[in-house]
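Work through the exercises below with the sequence and the structure side by side. Try each task before reading its solution.

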Amino acid sequence: MAMVKIKVYPDNAKNEISGGILGHFVEQYPGNIPGGIYDPESRYADKDGFRTDILEKMRETGVTQIRWAGNFSSAYHWMDGVGPVDQRPKKLNFAWDAIEDNRHGTAEFIKLCRKVGADPVIGVNMGSGTPEEAMNWVEYCNGIEDSFYANLRRKDGYEEPFHVKNWCLGNEVYAQWQFGMMNAEEYARQAVNFAF
């Protein structure tokens, strides 16, 4: 058997590795975001309700982007998670058969990303949502015009846009457990509508 030799030249990088592979995924699953990363009642909570011990570990791992999506997003209506926290509706989270109090919404997710130095990635609702709803969310996050949803963000206390560059079109919509399940052909057709 021939011996194989490998030479490694650590100072001779041929290609850069995308920081996107160092991403993290969070979801409104009980114990993940609510009662986990975001837990205003925790003794570790900062002024915004995030657990400082978890934020510290996320920083240590060098998370470059955080994806906010998952099974909940196929029935999540983003307007439920904006505005004054005490006025947000409590709704049944169909994916986890739990109550979603919506205390952690869009602005809170952006704060989480900024606290750990990560880019936000948001998954839009392709289960019960519409392309228009997704478009309005993009406007809320990124709008700079004198328009309804950009002004709603400003009214909520965020003058500057959130600059969300990356958006996911749905979450595992091929799966039977997913609200609004669709086959590949249906997904492709819907993806075109949502991406416009």
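Predicted model: local features only at pLDDT ≥ 70, side-chain atom pairs only at ≥ 80, totals over all residues.

**Exercise 1.** Find out which residues of H4 are buried and where they lie around the axis.

Solution. Step 1: apply the cut-offs: buried means under 20% relative accessible area, exposed over 50%, and partly exposed in between (1.4 Å probe, protein chains only).
Step 1: Tyr149, Ala150, Leu152 and Arg153 are the buried residues in H4.
Step 2: these residues lie on the same side of H4, because they cover an arc of only 155 degrees around the axis; the arc is that of the directions from the helix axis to the C-beta atoms.
Step 3: Phe148 and Lys155, on the other side of H4, are exposed.
Step 4: H3 is included in what covers the buried residues of H4, as judged by contact (heavy atoms within 4.5 Å).

**Exercise 2.** Describe the largest nonpolar core and the contacts of leucine 112.

Solution. Step 1: a nonpolar core is a set of buried Ala, Val, Leu, Ile, Met, Phe, Trp, Tyr and Cys residues joined through side-chain atoms within 4.5 Å.
Step 1: the largest one has 33 residues, and Ile66, Trp68, Phe109, Leu112, Trp137 and Tyr140 touch the most other members.
Step 2: elements giving two or more residues to this core include helix H1 (52-60), strand E2 (65-68) and helix H2 (106-116). H2 gives the largest share, six residues.
Step 3: apart from neighbours within four places in sequence, leucine 112 is in contact with Ile37, Phe50, Leu55, Met58 and Ile66.

**Exercise 3.** Is asparagine 71 buried or exposed, and where is its place?

Solution. Step 1: asparagine 71 is in the loop between E2 and strand E3 (91-93).
Step 1: its relative accessible area is 16%, so asparagine 71 is buried.
Step 2: residues up to four places away in sequence aside, asparagine 71 touches several residues, among them Glu27, Trp96 and Trp177.

Conventions
Residues numbered from 1 in each chain as written. Heavy atoms only, no water. Helix = DSSP H or I, 4+ residues; strand = E, 2+ residues; numbered from the N terminus.
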